[in-house]
Amino acid sequence: QVQLVESGGGLVQAGGSLRLSCAASGSVFSIDVMGWYRQAPGKQRELVAGVTSGGNTNYTDSVKGRFTISRDNAKNTVYLQMNSLKPEDTGVYYCNAWIKRTPKLGRDYWGQGTQVTVSS
């Protein structure tokens, strides 16, 4: 069994910062891409940022220059440092990862979601 456990969400004023963490636990052989998605009320879930096992990153345009994604492969953990937060960053943030439990068996996993609320 593999689980993604998130932490770090909360309520913050506009201009503030939050750091999200997501750790994979269980029978993990390897992890390929890890990423963060968010879903605002009434909107579809969107990719915020992703990072490969080699450290290559990508970001949605609206967060470039404000958010930084990183990972610690030894800890099977991905982070999202969010600075200069805006009210439009409000939503439920979900961790996602492509995890192999064996060399040939891999699938997508999702965390339970953590609420981020930015007040104006």
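**Reading the disulfide and its surroundings**

Tutor: C22 is buried, and so is C95; buried means under 20% relative accessible area, exposed over 50% and partly exposed in between, with a 1.4 Å probe and protein chains only. This is a predicted model, in which local features need pLDDT of at least 70, side-chain atom pairs count only at pLDDT 80 or more, and totals for chains, interfaces and linings use all residues. Residues are numbered from 1 along each chain as its sequence is written, and side-chain values use heavy atoms, with hydrogens and water left out.

Student: How many disulfides does the structure hold?

Tutor: A disulfide is a pair of cysteine sulfur atoms within 2.5 Å. The structure holds one, formed by C22 and C95 with their sulfur atoms 2.1 Å apart.

Student: Which residues does S21 touch?

Tutor: Contact means heavy atoms within 4.5 Å. Leaving aside residues up to four places away in sequence, S21 touches V5, E6, S7, W36, V78 and Y79. S21 is also found in strand β3, and its relative accessibility is 17%, so it counts as buried.

Student: In which sense do β1 and β3 pair?

Tutor: Two strands pair if DSSP finds at least two bridges between them. Here β1 and β3 are antiparallel over six bridges, and V2 has G26 of β3 as its bridge partner. Strand β1 (residues 2-7) has V2, L4 and E6 on its covered face, with Q3, V5 and S7 on the uncovered one.

Student: Over which ring does the charged end of R19 sit?

Tutor: A charge sits over a ring if NZ of Lys or CZ of Arg is within 6 Å of the ring centre and within 35 degrees of the ring normal. The charged end of R19 sits over Y79, 4.2 Å from the ring centre. That of R45 sits over the ring of Y94, 3.7 Å from its centre.

Student: How many helices and strands does the protein have?

Tutor: The secondary structure comprises zero helices and 11 strands. Of the 120 residues, 38% count as buried.

Note on methods: Helix = DSSP H or I, 4+ residues; strand = E, 2+ residues; numbered from the N terminus.
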